[in-house]
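Please look over the sequence and the model below before reading on.

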Amino acid sequence: PNILLLIADDLGVDRVGAYGEHPDPGNTPVIDQLAAEGTLFRHAWSNPFCSGSRATMLTGRYSFRTGIGSFLSFNGEGEVDIDEVSIADILPPEYRKAAVGKWHLSGSAGSHLDHPMLMGFEHHRGSISNFPTGTDYFNWDKNVDGTVVRSSTYATTDTVDEALGLIASFSPDPWFLWVAFNAPHRPYHHPPEELHSFDLPAEVDLNDPDFMKALTEAMDTEIGRLLDSMDPAVLANTVIIFVGDNG
């Protein structure tokens, strides 16, 4: 089967309707449907920081073994050692493999833009880290297989656009896609109106939970577009895993 791994950033179970952990979690109908049609995990653990969780997902090893226990600084030297065996390395050779969206497993002083490819992926299309100062979801630096381009496409939308393009290019070969959204991680903002249903105040308020709910719903909407746009036969032969890196 194909494998589609969807990773949300800083999303807690209280903001996913299927878990029923909050009286007003927000709108996540697509994720809720995945849970209803699949298996909902209630006993699971993650690292308290994004890079540590992602390193564990990538290698299958605890943070004290990879050395990645906290978030990696954009300008730092830390990274997942390229000699680590990754999930991309152990898949059968006929699988096509790509990572899209946020990576955050190498800093600019390490392997940086080439790191995803050094870890076994054919492509990386997305942000290499959190958005640094001067960038945001609408204006950000995008890694395209080792080359930086400036993107003005809403980052959540761009991630799905790239995933759909790679799925089309990989078929009919089996594929593994690591699809890591920046959402709903800060910076909070007003997502495109067509992606969410919340009335947000004009000024961004970091303490207003509706902003996180809007970012999460925008991600949910774009996940729906991803699944609806896939060829039905390809979708039927795809294992879908949705996780949050921490939250």
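Predicted model: local features only at pLDDT ≥ 70, side-chain atom pairs only at ≥ 80, totals over all residues.

## Strands E4 and E5

Asn143 has Val148, in strand E5, as its bridge partner. Strand E4 (residues 140–144) and E5 are joined by 5 bridges and run antiparallel.

E4 and E5 belong to an open sheet of 7 strands with mixed pairing, in the order E5-E4-E3-E2-E6-E1-E7. At the edges stand strand E5 (147–151) and strand E7 (238–244); each has a single partner strand, so one side of each is left without a neighbour in the sheet. On average, neighbouring strands of this sheet are turned by 15 degrees against each other, direction ignored.

## Helix H6

Helix H6 covers residues 155–170, 16 residues in number. From its first C-alpha to its last it reaches 22 Å, close to the 22 Å expected at 1.5 Å a residue. The helix lies across E2, strand E3 (123–126), E4, E5 and E6, and runs at about 170 degrees to E2.

H6 is mostly covered, with 12 of its 16 residues buried. Among them are Ala155, Asp158, Thr159, Glu162, Ala163, Leu166 and Phe170.

## Trp178 in strand E6

Trp178 is located in strand E6. Is this residue, Trp178, buried or exposed? Its relative accessibility is 0%, so Trp178 counts as buried.

Leaving aside residues up to four places away in sequence, Trp178 touches Leu5, Ile7, Arg54, Met57, Leu58, Ala98, Ala99, Val100, Lys102, Trp103 and Phe121. Trp178 and Ala99 are 79 residues apart along the chain, and their C-alpha atoms are separated by 4.5 Å.

In soluble globular proteins, nonpolar side chains tend to be buried together. Here the largest nonpolar core has 41 residues, and those with the most contacts inside it are Leu4, Trp175, Leu177, Val179, Met219, Ile223 and Leu226. Two or more residues of this core come from each of strand E1 (2–8), helix H1 (29–37), strand E2 (96–101), H6, strand E6 (175–180) and helix H7 (209–229). H7 gives the most, with 9 residues.

Apart from residues up to four places away in sequence, Val179 touches Leu4, Leu5, Leu6, Ile7, Val100, Thr159 and Ala163. A second, separate core has 21 residues, including Ile3, Tyr95, Leu105 and Ile128.

Key:
Residues numbered from 1 in each chain as written. Heavy atoms only, no water. Helix = DSSP H or I, 4+ residues; strand = E, 2+ residues; numbered from the N terminus. Expected span 1.5 Å × (residues − 1). Buried < 20%, exposed > 50% of the residue type's maximum accessible area, 1.4 Å probe, protein only. Core = buried A, V, L, I, M, F, W, Y, C linked by side-chain atoms within 4.5 Å. Contact = heavy atoms within 4.5 Å. Pairing = 2+ DSSP bridges. Axes fitted to C-alpha atoms, helices over the stretch in contact; angles between N-to-C directions.
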